[in-house]
Amino acid sequence: MSRKLIIAGNWKMHNTTAQARALITDLAPLVAGAASVDVVVCPTYTALATASDALQGTGIMLGAQDVFWKDKGAYTSRISPSMLLDLGVTYVVIGHSECRGRFGVPEPDFDEAVLAHFGDSDATVNRKLKAALAAGLKPIVCVGETLSERRQGEADAVVASQVRGALAGIDADAVPGLVLAYEPVWAIGTGEVCGSDEADRICGVARATVAELYGAEAAEAVRVQYGGSVKPDNAAELLGKPNIDGALVGGAALKAGDFAAIVNAGA
Ligand code: PGA
């Protein structure tokens, strides 16, 4: 089965509304020829409405960086699936390592008490995933090991267990439409890219876990992105691998030319 590549820019905590509009205005013509790739940008919540407006007619889809699992109620500061849909959001990133409190670049002033603020666990990822699917959002579910887990030989087990945790109780019908993102934490924002063969192998581990849970057909349909220091100069090699169906791009997504080069490497 051939899977359509999906390349998503995770803008993280960057860009005011004016900067978001300018970035989209610069980006849109540069990726206009990339119809063979699903292109997504994920601004921060405060820029979603502006981005939604700026994306009209471009073919680029809008994503959010997180979602809460309740639809409304006394949940101060949370954003619900229906609020995202209201702004024209199609995709939503769930379980990013930075939301799980797992940082590629160590944060010197984040002690344990502060890290608890970044509270996503497999259980909350699972709730967010269920709520996103029920609302009709398209989830991008992130998994990946830290450097110390890799050094202890646990990378495959961590990825498989995060996939299992995220998918617990998820209806089989929803699985083929899912996007998983394998993002080794040690490669995020560090400039350390995972070798393309190893990235492909672990994307295969994620896919094999889906196969164990839902069968070969579902696993063939699921798209698995690689993320972690994807740049214009390594994109073509990563995107050429059989188990890598796209990229989740952080730093390089903040420059229209770089993000467009990554998209066009896959087109
Ligand atoms: P990076 O981030 O491309 O800056 O390494 C990727 C991500 O965290 O999604």
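## The ligand's shell

By class, four nonpolar, seven polar and two charged residues make up the shell around the ligand. The model is a predicted one. In total, 13 residues surround the ligand. The closest of them are Lys12, His96, Glu183, Gly189 and Ser229.

A polar backbone atom of glycine 189 is 2.7 Å from an oxygen atom of the ligand. For glycine 251, a polar backbone atom lies 2.8 Å from a ligand oxygen.

How much of the ligand does the protein bury? Taken alone, the ligand exposes 280 Å². The protein buries 97% of that area.

## The largest pocket

Where does the ligand sit? The space it takes is the largest pocket. This pocket holds about 1400 Å³ of space. Its lining counts 47 residues. Closest to the pocket's centre are Met13, Gln65, Glu98, Cys99 and Phe118. Two elements each give two or more residues to the lining: helix H5 (122–135) and strand E8 (246–249).

What classes of residue line the largest pocket? The lining divides into 20 nonpolar, 18 polar and nine charged residues.

## A loop with positive phi angles

Lysine 12 is one of the residues closest to the ligand. Its place is in the loop between strand E1 (5–10) and helix H1 (17–30). Lysine 12 is not a glycine, yet its phi is positive, at about 50°.

Asparagine 15 lies in the loop between E1 and H1 as well. Its phi is also positive, near 85°, and asparagine 15 is a residue other than glycine.

## The cavity

How many cavities of 30 Å³ or more are there? The count comes to one. The largest cavity has a volume of about 40 Å³.

Which residues line this cavity? They are Gly95, His96, Ser97, Arg100, Arg102, Cys142, Val143, Gly144, Gln162 and Glu183. By class, the lining has two nonpolar, five polar and three charged residues. His96 and Glu183 line the largest cavity, and both are among the residues closest to the ligand.

Technical notes
Residues numbered from 1 in each chain as written. Predicted model: local features only at pLDDT ≥ 70, side-chain atom pairs only at ≥ 80, totals over all residues. Heavy atoms only, no water. Near = heavy atom within 4 Å. Polar contact = N/O pair within 3.5 Å; in protein donor to acceptor, adjacent residues only side chain to side chain. Areas by Shrake-Rupley, 256 points an atom, 1.4 Å probe, with all protein chains shown as cover. 1 Å grid on protein atoms, 1.4 Å probe; cavity = no way out; pocket = protein on both sides within 12 Å on 5 of 7 lines; lining within 4 Å. Sits in = over half its atoms within 2 Å of the grid points. Nonpolar A, V, L, I, M, F, W, Y, C, P; charged D, E, K, R; others polar. Points joined across faces, edges and corners; volume = space filled by probe spheres on them. Helix = DSSP H or I, 4+ residues; strand = E, 2+ residues; numbered from the N terminus.
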